[in-house]
Amino acid sequence: MLHQQIDQNISEKQAWALRRQLGIPNNKRLWVLTCMDERLPVDKALGIGEGDAHIFRNAGGLVTDDAIRSAMLTTQFFGTREIIVINHTECGMMTASGDFLSEVLRNQGIDVDQVTIDPALPELKLAKGVFSKWIKTFTDVDKICTQQVELLRNSPLIPQDVVIHGYIWEVESMSLRHPFKRLSEKVNTAEAMKTKTTKHTEPVL
């Protein structure tokens with residue numbers, strides 16, 4: 001009857017709005033760590049939709065203190081059982097070193113050894129000379145992806161039974177792949193395709 005459908009719709013909307021109060025996890029019990037780059041469409045890449053995951057984006061898709069904070073909350077208190085890390089090719093965090101970026105800021109009159117990294121917690125300070133490392137630039141997207149997975153797996157704040165995997169989003173092909181598994185390396189050369197050649201053998205006497 002119609003009133004049953006109306007009541008069901010109301011209940012579903014209430015559950016959506018109050019899911020934190022009701023202890024309802026996201027649909028896939030999933031937390032995603034990825035880059036803030038506008039070319040990385042997380043929903044499309046993972047085939048997920050609204051309500052399916054908690055998504056955390058930062059420069060580079062890296063395990064920072066705030067990423068650990070969010071990962072801890074979603075896995076310890078919000079029912080998340082899986083983490084996926086997505087890094088991507090042609091990432092801006094590979095275009096300059098932390099030392100270079102620190103020097104640029106110094107030239108703008110910013111003392112990177114004294115700057116407050118969390119305005120709400122001024123007591124949190126970086127040791128002198130650490131700012132360049134805190135920026136977290138990197139040189140190899142495949143290596144950084146595997147490193148982020150290991151950092152999360154080894155964090156005491158994330159339950160050991162949470163499943164954690166990492167992938168690379170190729171902006172050039174608009175698709176996911178495993179780290180160090182570049183499909184292009186297997187399709188562009190005869191050597192990779194293990195081309196067979198004619199073998200010349202001596203006649204048997």
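Mentor: Here is the close look, followed by the wider setting.

This is a predicted model, so local features need pLDDT of at least 70, side-chain atom pairs count only at pLDDT 80 or more, and totals for chains, interfaces and linings use all residues. Residues are numbered from 1 along each chain as its sequence is written, and side-chain values use heavy atoms, with hydrogens and water left out.

Start with the cysteines. A search of the whole structure turns up zero disulfides. A disulfide here is a pair of cysteine sulfur atoms within 2.5 Å. Take C35. The closest cysteine sulfur to its own is in C91, 4.1 Å away, and that is too far for a bond. C91 is likewise in no disulfide, and its nearest cysteine sulfur is that of C35. Are these residues buried or exposed? C35 is buried, at 4% relative accessible area. C91 is buried too, at 3%. Buried means under 20% relative accessible area, exposed means over 50%, and partly exposed lies in between, with a 1.4 Å probe and protein chains only.

Now take E90. Its place is in the loop between β3 (82–88) and α5 (98–107). Helices (H or I, at least four residues) and strands (E, at least two) are DSSP runs, numbered from the N terminus. E90 counts as exposed, at 52% relative accessibility. Its backbone also deserves a look. E90 is not a glycine, yet its phi is positive, about 55°.

Next comes H88, which lies in strand β3. H88 counts as buried, with 1% relative accessibility. What does H88 contact, leaving aside neighbours within four places in sequence? The partners are C35, D37, R39, L40, V141, I168, W169 and V171. Contact means heavy atoms within 4.5 Å. So C35 comes up again, because it is one of the residues that H88 is in contact with.

K136 is found in the loop between α6 (131–135) and α7 (141–153). K136 is partly exposed, with a relative accessible area of 31%. Not counting residues up to four places away in sequence, K136 touches L62, V63, T64 and M93. Look at L62 in particular.

Now step back to the whole chain. It has seven helices and five strands. Along the sequence they follow the pattern α-α-β-α-β-α-β-α-α-α-β-β. The radius of gyration is 24 Å, well over the 17 Å that the globule rule gives for 205 residues, so the chain is more spread out than a compact globule. That radius is taken over C-alpha atoms, and the rule is 2.2 Å times the number of residues to the power 0.38. The C-alpha atoms fill a box of roughly 90 × 70 × 30 Å along the principal axes.

Two totals complete the picture. Of the 205 residues, 32% count as buried. Among contacts with a separation of 6 or more, 67% come from residues 24 or more positions apart.
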